[in-house]
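I opened this model to look up its sheet, its helices and the contacts between them. My entries are below, in the order I made them.

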Amino acid sequence: MERRELDGLTVLVIDDHLDSLEIAEIVLERAGARVLAAPSAEAGLRFLDTQSIDVLVCDLSMPRVDGFDVVRAVRARKDDKRSLPAIAVSGSGAHDAGRAITAGFDAHATKPIAPEALVAHVRRLADRPAA
């Protein structure tokens with residue numbers, strides 16, 4: 001069996017747009033990742049309390065608790081989650097990119113993100129070589 005690019009990785013995807021969440025889940029699973037899909041920031045933060053996560057992919061614009069709040073909460077933790085690689089995704093390009101990096105994300109991608117670009121971002125942040 002051929003090794004897929006993201007085999008062995010667990011990726012948490014947080015997005016309140018269910019279509020975007022489902023697409024990311026399908027793309028990452030096809031690349032070999034185990035995907036935890038959370039339709040809200042609150043659900044995503046619960047996964048972080050109970051699961052071992054290798055990479056976080058998080059939408060910035062969500063009601064109540066947004067992606068900026070999520071990454072600040074992750075970075076404020078006193079456990080190993082502080083160093084969790086995190087990718088912000090949003091519908092706004094350069095404006096959100098700078099804000100996302102300042103808030104604590106490691107990378108930013110603009111929606112709609114191409115499947116191969118999503119896999120490449122996750123692979124790079126997980127420090128995996130290209131297949």
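This is a predicted model: local features need pLDDT of at least 70, side-chain atom pairs count only at pLDDT 80 or more; totals for chains, interfaces and linings use all residues.

Entry 1: I looked up the strand order and found an open sheet of five strands, 2-1-3-4-5, with parallel pairing. Strand 2 (34-38) and strand 5 (107-110) are at the edges; each has a single partner strand, so one side of each has no neighbour in the sheet.

Entry 2: I checked how strand 5 is held to strand 4 (residues 86-90), and found parallel pairing over four bridges. For S90 I looked up the bridge partner in strand 5, which is T110.

**Entry 3: helices on the sheet.** Helix 1 (residues 18-30) packs on the sheet and touches strand 1 (10-14) and strand 2. I read the angle between the directions of helix 1 and strand 2 as about 170°. Helix 3 (residues 67-76) lies across strand 1, strand 3 (55-59) and strand 4. Its direction runs at about 150° to strand 3.

**Entry 4: helix 2.** Which residues of helix 2 (residues 41-50) are buried? I listed A41, A43, G44, L45 and L48. I also looked up what covers these buried residues, and the cover includes strand 1, strand 2 and helix 3.

**Entry 5: D96.** I located D96 in helix 4 (residues 94-103). S90 is the residue I had already noted as the bridge partner of T110. Leaving aside neighbours within four places in sequence, I found D96 in contact with L60, S90 and H108.

**Entry 6: helix 1 and helix 5.** At what angle do the axes of helix 1 and helix 5 (residues 115-125) cross? I read roughly 65°, with the axes coming within 10 Å. That makes helix 1 roughly perpendicular to helix 5. The crossing is right-handed. On the helix 1 side I listed A24, V27 and L28 as making the contact. On the helix 5 side the contact is made by P115, L118, V119 and V122.

How values were computed
Residues are numbered from 1 along each chain as its sequence is written. Side-chain values use heavy atoms; hydrogens and water are left out. Two strands pair if DSSP finds at least two bridges between them. Helices (H or I, at least four residues) and strands (E, at least two) are DSSP runs, numbered from the N terminus. Contact means heavy atoms within 4.5 Å. Axes are lines fitted to C-alpha atoms, for helices over the stretch in contact, and angles run from 0 to 180 degrees between N-to-C directions. Buried means under 20% relative accessible area, exposed over 50%, partly exposed in between (1.4 Å probe, protein chains only). Angles under 35 degrees count as roughly parallel, over 145 as roughly antiparallel, 65 to 115 as roughly perpendicular and the rest as oblique. A crossing is left-handed if the near helix is turned anticlockwise from the far one by less than a right angle, and right-handed if clockwise.
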